[in-house]
Amino acid sequence: MNLGNGTTTGGYLLYVGTGETVSRTINLNTTTGTNTIDSSGSGALNITKVVNLLSGAKTLTLTGESRDANIVTSVLADNVGALTVVKGNGGVWILNAANT
């Protein structure tokens, strides 16, 4: 699944379910810009693979209203430019890898 249009426009993924483990790859498909993952469901969102697909400095915003333990278990890695991770809203996000 690609977040972004391959250039400078980011994408927005909104989750509103009762809890899910996502095993599909989520590609941060921007050279710059901001991609957002929003967990606002009644259960936790667990993401197992996020890939910083294109080179360039970009931002990943983890947000949402879910107070459950939303988790990103894959490495969040730079790709030529820095990947900045921002936490928004009151939800809970856990980064559970050796991020670079």
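A residue is taken as buried under 20% relative accessible area, as exposed over 50%, and as partly exposed in between. In the predicted model, threonine 31 has a relative accessible area of 28% and is therefore partly exposed. Threonine 31 lies in the loop that connects strand 4 (26-28) with strand 5 (34-39). When neighbours within four places in sequence are left aside, the contacts of threonine 31 are Gly6, Thr7, Thr8, Leu54, Ser55, Gly56, Ala57 and Lys58. Methionine 1 is 30 residues from threonine 31 along the chain, and the C-alpha atoms of the two are separated by 16 Å.

Tyrosine 12 belongs to strand 2 (residues 12-15). Its relative accessibility is 52%, so tyrosine 12 counts as exposed. Together with Leu14 and Val16, Tyr12 forms a nonpolar patch on the surface, and the accessible area of these residues together is about 340 Å².

For the protein as a whole, the secondary structure consists of 11 strands and zero helices. The radius of gyration is 12 Å, close to the 13 Å given by the globule rule for 100 residues, so the protein is as compact as a globular protein of that length. Along the principal axes, the C-alpha atoms fill a box of roughly 35 × 25 × 25 Å. Of the contacts between residues at least 6 apart in sequence, 75% join residues at least 24 apart. Buried residues account for 38% of the 100 residues. The accessible surface of the protein is about 4,800 Å², and 53% of this surface belongs to carbon and sulfur atoms.

Technical notes: Residues are numbered from 1 along each chain as its sequence is written. This is a predicted model: local features need pLDDT of at least 70, side-chain atom pairs count only at pLDDT 80 or more; totals for chains, interfaces and linings use all residues. Side-chain values use heavy atoms; hydrogens and water are left out. Patches are made of residues with over 30% relative accessible area and no salt bridge: like charges are joined within 9 Å, nonpolar side chains (Val, Leu, Ile, Met, Phe, Trp, Tyr) within 5 Å. Accessible areas come from the Shrake-Rupley method with a 1.4 Å probe; for residues, only the protein chains shown count as cover. A salt bridge is a side-chain nitrogen of Lys or Arg within 4 Å of a carboxyl oxygen of Asp or Glu. Helices (H or I, at least four residues) and strands (E, at least two) are DSSP runs, numbered from the N terminus. Buried means under 20% relative accessible area, exposed over 50%, partly exposed in between (1.4 Å probe, protein chains only). Contact means heavy atoms within 4.5 Å. The radius of gyration is taken over C-alpha atoms; the globule rule is 2.2 Å times the number of residues to the power 0.38.
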